[in-house]
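Open the model in your viewer and keep the selection tool at hand. This tour goes from the overall fold to single residues, one selection at a time.

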Amino acid sequence: CSTYIALFLLFGAFLEATGVANFFIDCANALVGWASGGPAKVAVVSSALCGMVSGSSVGNTVTTGSVTIPMMKKTGYPPEFAGAVEAASSTGGQIMPPIMGAAAFLMAEYVGVTYGEIALKAILPAFLYFAGIFIAVHLEAKKLGLKGLSRSEMVPGKAVSYTHLTL
């Protein structure tokens, strides 16, 4: 178990070092950053995207949280809510197919099915998990009267590219 967890943490660090996490945050900004409570929605979407390739809750929190938590606080979210959104969103990274967390390997071993079957059956629960967080964030933003990011703070949709990746 520790062998797999260490690999997931290293992979999360690799994503941060190469700029892949920033790419996911830029994509999420272009998709939902403008909406009511945009920065928290960006945290949810970018954590889902990052979770697809890292499978690590800790790696996901480190890569996306360092950007999204300050954004949420800046737009008016209470600090404890901003941290809670990031923690809940990043935790979902370990149930997000196709990589998933180390527990998926254990489930496959104990249940006696292939890892692919576990990943396939995790698609709907993972989607529902992130949809639930997204809806909760939206309702909180409406309750607090929070707006999205201004267009000047966001990366334009056409500017989201692989140009800032360092391989």
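What follows is a series of stops, each with something to select.

**Before you start**

This is a predicted model, in which local features need pLDDT of at least 70 and side-chain atom pairs count only at pLDDT 80 or more, while totals for chains, interfaces and linings use all residues. Residues are numbered from 1 along each chain as its sequence is written, and side-chain values use heavy atoms, with hydrogens and water left out.

**Stop 1: the whole protein**

Colour by secondary structure and you will find eight helices and zero strands, in the order α-α-α-α-α-α-α-α along the sequence. Helices here are DSSP runs of H or I with at least four residues, strands are E runs of at least two, and numbering starts at the N terminus.

The accessible surface comes to about 8600 Å², and 72% of it belongs to carbon and sulfur atoms (Shrake-Rupley method, 1.4 Å probe; for residues, only the protein chains shown count as cover). Of the 167 residues, 43% are buried; buried means under 20% relative accessible area, exposed over 50%, and partly exposed in between, with a 1.4 Å probe and protein chains only. Among contacts (heavy atoms within 4.5 Å) between residues at least 6 apart in sequence, 75% join residues at least 24 apart.

**Stop 2: the largest pocket**

Select Val 44, Val 45, Ala 48, Met 52, Met 96, Pro 97, Ile 123, Ala 126, Phe 127, Phe 130, Ala 131 and Phe 134, which line the largest pocket. The elements that give two or more residues to this lining are α3 (38–54) and α8 (123–144), and α8 has the largest share, with six residues.

A pocket is an open set of points on a 1 Å grid over the protein atoms alone, where a 1.4 Å probe fits and protein lies on both sides within 12 Å along at least five of seven lines; lining residues have an atom within 4 Å of a point. The space in this one is about 210 Å³, a volume being the space filled by probe spheres set on the points, which are joined across faces, edges and corners.

**Stop 3: aromatic pairs**

The whole structure holds three aromatic pairs. Rings of Phe, Tyr and Trp (its six-membered ring) pair if their centres lie within 6.5 Å; planes under 30 degrees apart count as stacked, over 60 as edge-to-face and the rest as tilted.

Select Tyr 77 and Phe 81: their ring centres are 5.3 Å apart and their planes at 10 degrees, so this pair is stacked. Tyr 77 is buried at 2% relative accessible area, whereas Phe 81 is partly exposed at 22%.

Next, pick Tyr 129 and Phe 130, an edge-to-face pair with 5.5 Å between centres and 90 degrees between planes. Tyr 129 is partly exposed at 29%, while Phe 130 is buried at 7%.

**Stop 4**

Ser 89 sits in helix α5 (residues 79–91) and is buried, with a relative accessible area of 0%. Beyond its neighbours within four places in sequence, Ser 89 contacts Ala 43, Val 44, Ser 47, Asn 60, Phe 130 and Ile 133.

Move to Ser 57 in helix α4 (residues 57–74), which counts as buried at 17%. Leaving out residues up to four places away in sequence, Ser 57 touches Ser 90, Thr 91 and Gln 94.

Finally, zoom in on the peptide bond from Pro 97 to Pro 98, which is cis, with omega near 10 degrees. Pro 98 belongs to the loop between α5 and α6 (102–111).
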